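Biologist: I am new to this structure. Please pick a single spot inside it and describe closely what surrounds that spot.

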Amino acid sequence: MGFELTPAFWSGLTQIILVNIVLSGDNALVIALACRNLEKKHQKPAILIGSAGAIVLRIIFVLIVDQLLQISFLKLAGGLLLLWIGVKLVQGEDEHGDGVKGAGSVWGAIRTIIVADAVMSLDNAIAIAAAAKGDTTLIVLGLLISIPLIIFGATLIMALLNRFPIIVVAGGALLGWIAGEVLATDPGYADKLAAITPHAKTILEIGGAVLVVVLGYFLQYRARQRRHEDPVDLATEKSKE
């Protein structure tokens with residue numbers, strides 16, 4: 001089989017599954033937020049494909065995590081990208097107010113899931129790699145087994161989103177917080193930043209959370225104002241009748 005089913009193996013597998021579940025709450029939230037505006041028939045495929053793609057990326061990250069974390073300014077780029085994803089999720093709709101519908105938008109939701117998970121998985125990969133102690137089989141098996149648990153979490157959160165829209169704001173704030181943490185820990189400048197501002201990490205985390213919510217709401221408000229200001233083509237409206 002290529003590996004032995006020893007007590008150490010089962011212990012390591014259990015650790016990886018538990019670590020992945022604990023660290024995947026934010027990932028499940030991103031999946032739910034990205035798919036919340038899809039038609040119901042498109043939600044499950046988007047969740048399944050997005051989750052599977054995210055897990056594959058996480059496996060790759062765990063295997064090369066040591067090299068990734070040494071690349072200067074990689075976290076800076078990832079943190080900025082995550083901020084923008086959070087803003088767009090809080091905003092909810094595009095500037096034309098069409099929401100996220102149709103086959104093309106399913107792939108848009110999948111891209112959002114995979115990109116956001118890729119950014120957030122760098123730190124998660126460290127914990128998973130530590131639990132696996134270098135065993136590639138454990139890493140792959142543990143993450144694959146975790147897929148249905150993440151999908152269940154995303155489905156549950158999406159059901160709650162319909163009843164409690166405030167979760168969208170909380171989710172956006174969480175993404176902003178995580179983005180702030182990612183920005184504060186880039187190896188290219190983390191030490192200098194900490195020397196200049198002892199509480200830089202906390203400041204960036206809080207600032208990221210506030211920025212995502214405020215900017216997301218501002219863009220949402222601006223899009224609504226534009227729709228109200230757009231002139232109505234009476235000839236077009238009459239032809240529709």
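**The surroundings of Val 212**

Modeller: Leaving out residues up to four places away in sequence, Val 212 touches Leu 83, Gly 86, Val 87, Val 90, Gly 172, Ala 173 and Gly 176; contact here means heavy atoms within 4.5 Å. This is a predicted model, in which local features need pLDDT of at least 70 and side-chain atom pairs count only at pLDDT 80 or more, while totals for chains, interfaces and linings use all residues. Residues are numbered from 1 along each chain as its sequence is written, and side-chain values use heavy atoms, with hydrogens and water left out.

Val 212 is found in helix 10. Helices are DSSP runs of H or I with at least four residues, strands are runs of E with at least two, and both are numbered from the N terminus. With a relative accessibility of 0%, Val 212 counts as buried. The classes are buried (under 20% relative accessible area), exposed (over 50%) and partly exposed (in between), using a 1.4 Å probe and protein chains only.

Helix 5 covers residues 74-91, and its 18 residues should span 26 Å at 1.5 Å a residue, which agrees with the 26 Å between its end C-alpha atoms. The expected span is 1.5 Å times one less than the number of residues. After helix 5 comes Gly 92, with a positive phi near 85°.

Next comes Leu 175. Beyond its neighbours within four places in sequence, Leu 175 is in contact with Val 30, Leu 82, Ile 85, Gly 86, Leu 89 and Met 120.

Together with Cys 35 and Leu 82, Leu 175 has the most contacts inside the largest nonpolar core, which has 57 residues. Such a core is a set of buried Ala, Val, Leu, Ile, Met, Phe, Trp, Tyr and Cys residues joined through side-chain atoms within 4.5 Å. Helix 6 (residues 102-132) gives the most to this core, with 11 residues. In soluble globular proteins, nonpolar side chains tend to be buried together.

Helix 10 runs over residues 200-229, and it also holds Lys 201 and Glu 205, 4 residues or about one turn of the helix apart. An α-helix has 3.6 residues a turn, so residues three or four places apart point the same way. Lys 201 and Glu 205 form a salt bridge, with 2.8 Å between the closest N and O atoms; the term requires a side-chain nitrogen of Lys or Arg within 4 Å of a carboxyl oxygen of Asp or Glu. Lys 201 is partly exposed at 38%, whereas Glu 205 is buried at 5%.

As for the setting, the protein chain has 11 helices and 0 strands. Of its 241 residues, 42% count as buried.
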